[in-house]
Amino acid sequence: MRFPSLLDLEPEQQTIVDLPFHGCHVVTGAPGAGKTVMAVYRAWMLATAGREVTLFARSNLLRQYLAQAAPRLTEALTVTTFHRWVREFWKARFQTAPPQTDEGGWSYDWFEMQRHCILQHVTSKAHLVIDEGQNLPVAFYDLCRILNIGVTVFADEEQRIGEDQSTLLEICEALAAHSGPLVLRNNHRNSREIVMLASEFHKNSCGEKELPATAGQLPCVLRVPSLGHLLTSIAQYFNAQPEQRIGIICRSTLMIREIQSRLTHHGLAKYTQAYVHDDEHRKRMDFSGRSIRILSTASMKGLEFDSVFVPDLDTYTEDPTSVDARLRFFVLCTRAREDLHFAYRGSHEPAILSGIPESVLARRSD
């Protein structure tokens, strides 16, 4: 991630930096608008003002990413994940694990937790800065209000909201936020061509927003005879583009492992990293140097790369008109800053890309 300096922030971003240190605030914006960058700056500003601040990252991989991409900003604060914070907070105050409603330990009994805190008069001086705040349940924000915790939430207005997630309105109401959500309107990440393709999957994503001034390559979809053929091309691309940060985003962990193994045989072992959340040998990723980074669609949110390759487009066989499928591709497209390449095997282009004009998406066979 390329963090801008404070002097390089746009006026709408500076508004977030200048928010009052007290109370609760909600910020929204589409992918590419800089929510994660501003979440880091908001947490840093609170920490430098002497507040006890914790930044919530969506995943362990994103936590690693932020700590490495902005060490100057994150060394003064705690960066953690939602579940880790909840468990540590409860353990410190009640010397036990938080009440749960499932055996796996991922769902909490929020009513019981709220009751405990009210009866024990538990409060906190902490301030939480939450990235991807729509992924957390409303009851968690209710608990924050009971604890008198200051919260700044950055939430994605373009994401489908499930049963255990929260809408912007629900977050604002639960926290009794000082005002409605502040909106980051401009895309600061992607090239004009990538934004145009992304808007094909979410027609309201551009709206009245200006297209980015930065131009890049037209995204392309490749029909390849084999995975090996594609990986040979990626290896050649990597060797020819020494400054590019490359991401390969896969549908399955099996594909992640296979690609890493095959790129090793191309002599790229020391330049290839893979992330699989439950694999002890693939749980850490170094973002500091030149590398090909391989990860899953489940881990991609919040990350960005100069060039993105999607090697398994033919596995996206779900209904291409479904909201879930189209939003997944909207987020997938916006991981790429400059170059985006889809690849599939077989004689027919996957339906998810059908109907997209050639003025937006180039098509070719290798």
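## Helices α5 and α6

In this predicted model, helix α5 (residues 82–94) and helix α6 (residues 110–119) have axes that come within 12 Å and cross at roughly 40°. Helices (H or I, at least four residues) and strands (E, at least two) are DSSP runs, numbered from the N terminus. Axes are lines fitted to C-alpha atoms, for helices over the stretch in contact, and angles run from 0 to 180 degrees between N-to-C directions. The crossing of α5 past α6 is left-handed, a term used if the near helix is turned anticlockwise from the far one by less than a right angle.

From α5, the residues F82, V86, W90 and F94 make the contact, and from α6 the residues W110, M113, H116 and C117; contact means heavy atoms within 4.5 Å. These residues divide into seven nonpolar, one polar and no charged. In this division Ala, Val, Leu, Ile, Met, Phe, Trp, Tyr, Cys and Pro count as nonpolar, Asp, Glu, Lys and Arg as charged, and the others, Gly among them, as polar. An α-helix has 3.6 residues a turn, so residues three or four places apart point the same way.

## Basis of the values

Residues are numbered from 1 along each chain as its sequence is written.

## The seven-stranded sheet

Seven strands form an open sheet in the order β9-β10-β8-β11-β12-β7-β13, with parallel pairing; two strands pair if DSSP finds at least two bridges between them. At the edges lie β9 (272–274) and β13 (362–365), each of which pairs on one side only. Neighbouring strands of this sheet are turned by 20° against each other on average, direction ignored. Within the sheet, strand β8 (residues 246–250) and strand β11 (residues 305–310) run parallel and are joined by three bridges. I248 stands opposite F309 in β11.

Helix α11 (residues 253–268) packs on the sheet and touches β8, β9 and β10 (292–296), its direction making about 165° with that of β10. Helix α12 (residues 323–333) also packs on the sheet. This helix touches β8, β11 and β12 (336–344), and its direction makes about 130° with that of β12. The buried residues of α12 are A325, L327, F329, F330, V331, L332 and C333. Buried means under 20% relative accessible area, exposed over 50%, and partly exposed in between (1.4 Å probe, protein chains only). The cover over these α12 residues includes α9 (192–201), β8, β11 and β12.

Strand β5 (residues 150–156) is largely enclosed by the rest of the structure, because seven of its seven residues are buried.

Strand β1 (residues 25–29) runs parallel to β5 and is joined to it by five bridges, with T28 opposite A155 in β5. β4 likewise pairs with β5 in the parallel sense over five bridges, and here I130 stands opposite V153.

## Salt bridges

The count comes to 14 salt bridges, each being a side-chain nitrogen of Lys or Arg within 4 Å of a carboxyl oxygen of Asp or Glu. K301 and E132 form one, with their closest N and O atoms 3.0 Å apart. K301 lies in the loop between β10 and β11, and E132 in the loop between β4 (126–131) and α7, 169 residues apart. K301 and E132 are buried.

D279 forms a salt bridge with R257, the closest N and O atoms being 3.2 Å apart. This pair links the loop between β9 and β10, which holds D279, with helix α11, which holds R257, 22 residues apart. D279 is buried, with a relative accessible area of 9%, whereas R257 is partly exposed, at 30%.

R337 and E304 meet through their side chains in a salt bridge (2.8 Å, N to O). R337 is in strand β12 and E304 in the loop between β10 and β11, so the pair ties together parts that are 33 residues apart in sequence. R337 and E304 are both buried. Salt bridges that share partners join R189, E304, D306 and R337 into one network.

Technical notes. Predicted model: local features only at pLDDT ≥ 70, side-chain atom pairs only at ≥ 80, totals over all residues. Heavy atoms only, no water.
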